[in-house]
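Thank you all for coming; I would like to walk through one model this morning, going from its helices to its cores, its charged pairs and its rings. Please keep the structure open while I talk.

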Amino acid sequence: MGISKAVFEKTNGYIITRMGEDIEFSIRIIENGFKVGLIPEAFVYHKRRTSLSQFYRQLHFFGRARINIQRFFPGEIKLVHTFPVVFLLGFVLNFILLALFPSVFRWTTLIILTYFGLIFLDATYKNKHLTIGLLSVATSFTQLSAYGVGFITEGITRLKELVSSKASDNKK
């Protein structure tokens, strides 16, 4: 992210909130009337983790951060932010279908396998490397699952806080 001195001064700069600082900062930039945009030609080097478990922890944290942003900026959760949750719940529900409706399970499993098959084929073709295709499937699954779990767990925590707050307000 590149910003001018004027943006930095008017927004009071980058505030460490522990979760989603870059998103929070971007929202404040927009709220202060500055224009933001993507520069497709710009190269950005972003630290990614070197193992699937580290990647999982990072994306879990990102899912939690999205809920945390909602605390400061209501309305900032968009439909697209729920897609990993839908994926995760659909994946879990698929195994419930195995026990209850085996014929439906076959179709839903086919849809899931097709989705990951397309990821595999696309990554393998674009990178001309079978290992990258396989890793793309593993990282896609990790990304969707971790973000979804983080989003759900932080959402439950936030919901408990709201219920507790309402209960204490009602006692007053």
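This is a predicted model: local features need pLDDT of at least 70, side-chain atom pairs count only at pLDDT 80 or more; totals for chains, interfaces and linings use all residues.

Let me begin with a definition: I call a residue buried when its relative accessible area is under 20%, exposed when that area is over 50%, and partly exposed in between, with a 1.4 Å probe and protein chains only.

Residues are numbered from 1 along each chain as its sequence is written, and side-chain values use heavy atoms, with hydrogens and water left out.

On confidence, pLDDT is the predictor's own score for each residue, running from 0 to 100, and the chain averages 91, with 99% of the residues scoring at least 70. The helices I name are DSSP runs of H or I of at least four residues, numbered from the N terminus.

Let us turn to helix α3. The expected span of a helix is 1.5 Å times one less than its number of residues, so the 21 residues of α3 should span 30 Å, and the 31 Å between its end C-alpha atoms agrees with that. Its buried residues, among them Phe55, Gln58, Leu59 and Ile67, pack against α2 and α6. Gln58 sits in this helix, which covers residues 52-72, and its relative accessible area of 9% makes it buried. If we take contact to mean heavy atoms within 4.5 Å, then Gln58, leaving aside its neighbours within four places in sequence, touches His46, Lys47, Arg48 and Arg49.

On the α2 side, the buried residues are Glu21, Glu24, Phe25, Ile27, Arg28 and Ile29, and their cover includes α1 and α3. Just after α2, Gly33 takes a positive phi of about 85°.

Which residues make up the largest nonpolar core? A nonpolar core here is a set of buried Ala, Val, Leu, Ile, Met, Phe, Trp, Tyr and Cys residues joined through side-chain atoms within 4.5 Å, and the largest has 7 residues, namely Phe55, Leu59, Ile67, Val85, Ala146, Tyr147 and Phe151. Helices α3 and α6 each supply at least two residues of this core. A second, separate core of 5 residues includes Ile112, Phe116, Ile119 and Leu144.

Now to the charged pairs, where a salt bridge requires a side-chain nitrogen of Lys or Arg within 4 Å of a carboxyl oxygen of Asp or Glu, a rule that gives a count of 7. Glu154 and Arg64 form one of them, with their closest N and O atoms 2.9 Å apart. Since Glu154 lies in helix α6, residues 130-171, and Arg64 in helix α3, this pair ties together parts that are 90 residues apart in sequence. Glu154 is itself buried, with a relative accessible area of 7%.

By contrast in setting, Lys126 and Asp122 meet at 3.4 Å, N to O, and both lie in helix α5, residues 102-127, 4 residues apart, about one turn of the helix. Lys126 counts as exposed at 59% relative accessibility, whereas Asp122, at 37%, is partly exposed. Salt bridges that share partners also join Arg64, Arg71, Glu154, Arg158 and Glu161 into one network.

Finally, the rings: those of Phe, Tyr and Trp (its six-membered ring) pair if their centres lie within 6.5 Å, and planes under 30 degrees apart count as stacked, over 60 as edge-to-face and the rest as tilted. The structure holds 10 such pairs. Phe87 and Phe141 are edge-to-face, 5.9 Å centre to centre with 80° between the planes, and they link distant parts of the chain, with Phe87 in helix α4, residues 83-100, and Phe141 in helix α6, 54 residues apart. Phe87 is buried, with a relative accessible area of 15%. Ring pairs link Phe87, Phe91, Phe95, Phe105, Tyr115, Phe116 and Phe141 into a cluster.
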